[in-house]
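Please open the model in the viewer and keep the selection panel at hand.

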Amino acid sequence: MSVSNLSASSQDYLKAVWTLAEWSESPVTPKLISDRMGLKLSSVSDAVRKLTEQGLLEHAPYGAVTLTPEGQEPAVTMVRRHRLIETFLVETLGYRWDQVHDEAEVLEHAVSDFLIERLAELLGHPDRDPHGDPIPSADGTVGRPDAILLTALAPGQRARVERISDDDPQLLQFFAENGIRFGTALEAYPSAPYSDVTEVLVDGRSGRLTLGRAATDAVWVELLD
């Protein structure tokens, strides 16, 4: 189904289901969708029911919400729009990476497929956005790096940042101030027992940086040899 045949609200719901499942093994539930979109659970449940009746979602009672093949296509299309717009805002208009999410949330509903493909061409057909999230190709193909949470990085291991969640703009500002971005190399060091923190040395920086669980759970890294 083309996104042009869907309301902005339906587009948002399908994109939310897709993105919630992208980096997590946990089942997508109406409660998770509600938290992600900042909507009442009753409103989300009603929307899920309607999209299920339209054949775009599957939802067994008290079970997970999943996309049908018919729902997958518009969901991926909206993800592609969102991430290309974010990339354009950063690379061409000089936005900071913590400023682009809300802008893209609005613009993704207003642009045409033609404009999106012109943006992709202008940007050199990027495959990652400023936060490291994969940008689906025009045919809907999505690649994903072999990455783990920074939380799981063992002392002595070196890794490269592959993705940083954009859920918290203030956390993105903190990462930027400390030199942690998509592509940054870092090394983990031992921290105090039972402290629930991770100490890292960021390439190009002097001194170790202590990160709490909220920070390390927002960063995905790929191990370096």
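In what follows, Ala, Val, Leu, Ile, Met, Phe, Trp, Tyr, Cys and Pro count as nonpolar, Asp, Glu, Lys and Arg as charged, and the others, Gly among them, as polar. The model is predicted, so that local features need pLDDT of at least 70 and side-chain atom pairs pLDDT 80 or more, while totals for chains, interfaces and linings use all residues. Residues are numbered from 1 along each chain as its sequence is written, and side-chain values use heavy atoms, without hydrogens and water.

A pocket is an open set of points on a 1 Å grid over the protein atoms alone where a 1.4 Å probe fits, with protein on both sides within 12 Å along at least five of seven lines; its lining residues have an atom within 4 Å of a point.

**First stop.** Select Thr19, Arg36, His101, Asp166 and Asp167, which lie nearest the centre of the largest pocket among its 33 lining residues. Helices H1 (8-22), H2 (30-37), H4 (69-91), H5 (100-107) and H7 (169-177) each give two or more residues to this lining; helices are DSSP runs (H or I, at least four residues). H1 provides the largest share, 6 residues. Colouring by residue class separates the lining into 15 charged, 11 nonpolar and 7 polar residues.

**Second stop.** Now select Glu73, Thr77, Arg80, Asp113 and Ala138, nearest the centre of the second largest pocket, which 15 residues line. H4 and helix H6 (113-122) each supply at least two of the lining residues, and the largest share, 5 residues, belongs to H4. By class, this lining holds 6 charged, 5 nonpolar and 4 polar residues.
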